[in-house]
Amino acid sequence: MSDVVEKTLTALPGLFESQTGAAKITNRLRQLIKSITELTSKHEEENLIKRELSAIKEQVSSPNTTMKQMREIMVRAMYCEMLGYDASFTYIHAIKLAQQGGVLEKRVGYLAVSLFLNEGHELLLLLVNTVLKDLQSTNLIEVCMALTVVAQVFPKDMIPAVLPLVEDKLSHPKEIIRRKAVLALYKFYLIAPNQVQHIHAKFCKALSDKDPGVMASSLHIYLQLIRESPDSYKDLTGSFVTILKQVLGGKLPVDFNYHSVPAPWLQIQLLRILSLLGKEDQSTSELMYEVLDESLRRAEMNHNITYAILYECVKAVYTIHPKAELLEKAARCIGNFVLSPKINLKYLGLKALTYVVQHDAKLALQHQMTIIECLDHSDFTIKRETLELLFRITNAQNVTVIVEKMLDFLCYVPIKTLTFAPDNSWFIQTMNDVFSIGGDLLQQDDPNNFLRLLAEGKPEEDDQLRLYAVESYLTVLKGHTSHLPQCFLQVMSWVLGEYAHLQESVDRREVIRLLTQLLDQRSVSSETRVWILSALTKIPEGQTDLILDLAESLSSSQDTVLRQQAQELRHLSQDSQLREWVLVENSCAVDSSLSFLDGFVSEALAAGAAPYKPPHQRQEELSLNLEPYSFSLPVSLSSCSITDRQSPTLLSVSSGLSGNSAELSTLILEGVKRVWGKDGYLPQKEATAPPVDEPSAAVQPASQQEAAERIEPRPEPSTQNQDKQQLASSLFVGLGVGSSVSLLGKSEAPPPRFRKKPRPHESSSSSGTSKRSSDSSSRSSRNTTDSFLYGSFPEEEPATSISTFDHTPKSTTANGLSQNKDTKEDRHANTSQILGGDMVIVRPSTIQDKHPPSVSSDLTALLPADLKDLPHSDVISLTSDPSLSLSSCRLFRDEALLLVIFISNCTETVIKDVAVQLTCEELKVCTGNVMDCLEARSTSVCHYALLMDDPHTNVSLTGTVSYQTQPGHTNTLPFSGTLSTADFIRPLVVTTEEYGKLWLSLSHDVKQNLKLLTDAGDPLRTTLNALKDALQLHVVDIIGSEGIVACRLLSGAPCLLHCRVNGAALAMWLRSPHPALPDFILYHCQRALAHH
Amino acid sequence: MQFMLLFSRQGKLRLQKWYVPLSDKEKKKITRELVQTVLARKPKMCSFLEWRDLKIVYKRYASLYFCCAIEDQDNELITLEIIHRYVELLDKYFGSVCELDIIFNFEKAYFILDEFLLGGEAQETSKKNVLKAIEQADLLQEVSTQSVTSEHLCKCIATPQ
């Protein structure tokens, strides 16, 4: 039915056009789209589109179809193409539409052309006349459309036809036309630079155009021109600087602002141009220091667009002739990027670092912990960029660690890195890993480079390496080989063929057997078979029987190459004279200039062949290639590897005439200094890096030891951090200026989260040092504060706090007369514990109190000397029986919680074999001790260090103590207790500035409103003090209605708290690198405030 | 810029603009691969990815992914802002743009893109100027084609893709 209507409509175009035509046009497309969305399967869609396309086909070929209908058809055709169906029969109609239609049809026609056709499409030639006509049109819109299509797709050969017209448009009164003309010329320059050589002066005019849009467009051309030859445009530096200054100064119309940043695209373009101009040119660079400085300064607003500009600016600063002041500012910018929690900025920070470490390796040191974290990032993009960065800082000292990391992440190990290898066995072993894991994904060069490394060394020097390789490969081949990648098999067979004779102890028959075995495997490709056979050709001497067998079995192979090789093998093994002649035992000299080809070349030239041109020259002329094809000298991989005994690296056989070509020089073997064992990668470190002229095993341990020494003086971090820091120190070793450089970075910007103020507790647990005694005064003052914490006294009441500061259980639990309400509360808590109710954990004093305390007050005096000075909790009785009584006390060390257990003998006799066993699922129990016997009426002390890696709300401890009162009669006494996370919280002392940096770098956050204590004059201060007392927090700063507080889990993950008074509540915002830590701290804060 | 692709969360291509000459087969392959890769990424991941020797910069706006391919030395962040500016332009033109506007008026979306980027480079970054150019060309268009009845769109929204 609709077909009938359709036909009626097409037959009567004039009637309907003015009224219903347009509406119908859009309806057809809408119908199509709608019916597609209603379909359920791909198959249905295919059918529908097929029907649609045949309808279109019918319509376009109908002579009655009007241009207006054609326009609609074209839109539908574009839609079908976008869905991935072929509508190529409409291409010609698109061109026709552009040619014959009115302005509206033309617009669609041109669009269809630019979407359908590629630069090289032959139909484009048909468009040239239309474009020419439209360029000369008086209708500006037509001119615009023609220029737009020219700037997108235009046949290269036809450029001369339109060039004069486009050039004219550069002086058109309308800026939109000038702008499009400039971009069309830019396009011409990209596809055929020679064509627009003569109009450079006009570009210059465009650059000084009064319209910013035209000027900005001309920068595309300049960027390209300057990229190709910076020296020719140095005189424009001043102009570019002036433009940038004007942009920065807000001289452009506000239309060009983007999120209130003036013309960011223009700025970035200019910065790129400036960096190209100032590269390695001091005087030019000096012209731009000022404006770069201003750029860095202006880009302050916290928006992506300013970061985009900053990034470009930093790159420019590091590209041009260096200026210390700017470098410093740029480095700070990079810091902001790297530490940013926004992942996109982090990525750019890493990218900038990757760029910058080539100039200044120290910068990586400052961010090493961030880099380490990024290595384990869940986003592969970040990981990859980090690896790229590591690759840039590879040197002789950190190569083992870096390559290991790279292998972890899948094998993208540029061989170059391995030239720093510290010793032979590591090198070969790593290469084995690389080949077997990375396998055929490796770039083709990598196996070749590796083999070249093996082959190039002097025989006596590198025989050890080769020997090691042979041994290692024989071992590999004896195992399972079917899973090994082809390129690894090829490498192995080449090495065995070349160097198996070095290993005296190996039976050659064994080698031949292993290789032959490979030939029998189905998974081995024919190319690899060729490698294996050529290896076999080199080995045999005297093993004629095996070889003949082999040749016999292969002579019936279907592969002609193999058959031929088998033949050669047979002949060689039978004719020893021929063999000696073909396979020279000692390596032959390589004629790197390829002079032996001279005769051939001159002959060819005389016969009319074209002289050799390097590939890059050839490419340019490709389009005009009217001459006969010149001689080429193809060399295939397999043919080369069969006969080239010296090296399979494919010396590219190019004519000696090319001589000076830069690419060639890397391939010349003669006189090439081996990169193997080259000094460290970075110029700065050359002075300090140990000389590594010869790969020797000594280097690595030395550097590691050095690294270890540097770590040592630092406080012990938790194991996780320790791992990371160890990794950091091994990754970044050798980047510093002097050997004394602290691995944790320079003082300017150390990774904040790991910075600690030196505190006496951390230095060591041993006593008796002079430092210790001098520190003890400061510690005792801290002790006081700490005991405030545990007594939960607000600071406003110092008088009463003294009474609780004697660490006896009496004062808090037994002394019921105490007037202090906190003490009452404490008692209340303890009572509830005694009643067996739910644990109330308000303060760290939560060890369960099963029996009324009966412990003497002087137990703390029994603490070992080195522990005495630590802040500690009250002593609580754990358990007791007629002969023994146990009490415990918690000591708060920075990196652990020490649980001290006092075991008192209540009897008059000696108790023997007293052993305490302590278990806890959630914690790491580090140390404990056992005593043999306990004298009558005496007390012994044992202590356990408890570490908490992951926070838990409550941790229950269980233990037993076993003892013998009479020989052979063992008593056991169980005890248990509970600890809270609060016992493991330590204050983190940081400055406000460090806090700020750290805040930005942390990822996990939790927000919650808490109760605000309003009973005192300053609610915020009171609340924070209460929290500080309940949990060991460090109040960093209080500014107005906001307060910042910091703590950490032992010496591990930090947690930052940001508190703001929000009406009657305290808005608490917590951040930590540990996902769960904020929740636990929040929980304890809530509890603390609820019980206040 | 090498190319720009717009595709939906379901992986349906909505717009494609190629600034480098490639064969249809290659285009299809690239599109398929990229759509898969980008859709597989989690929302919190960074907007850039290395793909072959190119950098892909993508951003999701509601149900639509905007995806650009740039060279390594190009600035990723500014590309993100190019995408954003394009969205702003579409938004201004269509009046709070949605995916359906782009589906049903994809040729308009192309026209706007061509005024904004030409040959893969930013041509005109002033929002006002771009829209002015489009409006001038549109003036010649009949009134009836422009009016998009919201009824139609609503029906389409109801049908799941």
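Where in chain B does B:Ala62 lie? Select B:Ala62 and take a look: this residue belongs to the loop between strand S4 (54–61) and strand S5 (64–70) of chain B. Keep in mind as you go that you are viewing a predicted model.

Most residues other than glycine have a negative phi. B:Ala62 has a positive phi of about 50°, although it is not a glycine. This alanine is exposed, with a relative accessible area of 66%.

Now select A:Ala263, where phi is again positive, near 30°. You will find A:Ala263 in the loop between strand S2 (261–262) and helix H14 (264–278) of chain A. Here the residue is buried, at a relative accessible area of 3%.

Next come the aromatic rings, which form 18 pairs over all chains. Select A:Tyr995 and A:Trp999, a stacked pair with 6.0 Å from centre to centre and 15° between the planes. These two are separated by about one helical turn, because they sit 4 residues apart in helix H45 (residues 992–1001) of chain A. A:Tyr995 is buried, with a relative accessible area of 4%, and A:Trp999 is buried at 12%.

Move on to B:Phe3 and B:Trp18: their ring centres are 4.6 Å apart and their planes meet at 35°, so this pair is tilted. The pair links distant parts of the chain, with B:Phe3 in strand S1 and B:Trp18 in strand S2 of chain B.

For a cluster, select A:Tyr79, B:Phe106 and B:Tyr110, which ring pairs link together.

Finish with A:Arg107, which lies over the face of B:Phe111, 3.9 Å from the ring centre.

Note on methods. Residues are numbered from 1 along each chain as its sequence is written. Chains are lettered from A and ligands numbered from 1 in the order in which they are written. This is a predicted model: local features need pLDDT of at least 70, side-chain atom pairs count only at pLDDT 80 or more; totals for chains, interfaces and linings use all residues. Side-chain values use heavy atoms; hydrogens and water are left out. Buried means under 20% relative accessible area, exposed over 50%, partly exposed in between (1.4 Å probe, protein chains only). Rings of Phe, Tyr and Trp (its six-membered ring) pair if their centres lie within 6.5 Å; planes under 30 degrees apart count as stacked, over 60 as edge-to-face and the rest as tilted. A charge sits over a ring if NZ of Lys or CZ of Arg is within 6 Å of the ring centre and within 35 degrees of the ring normal.
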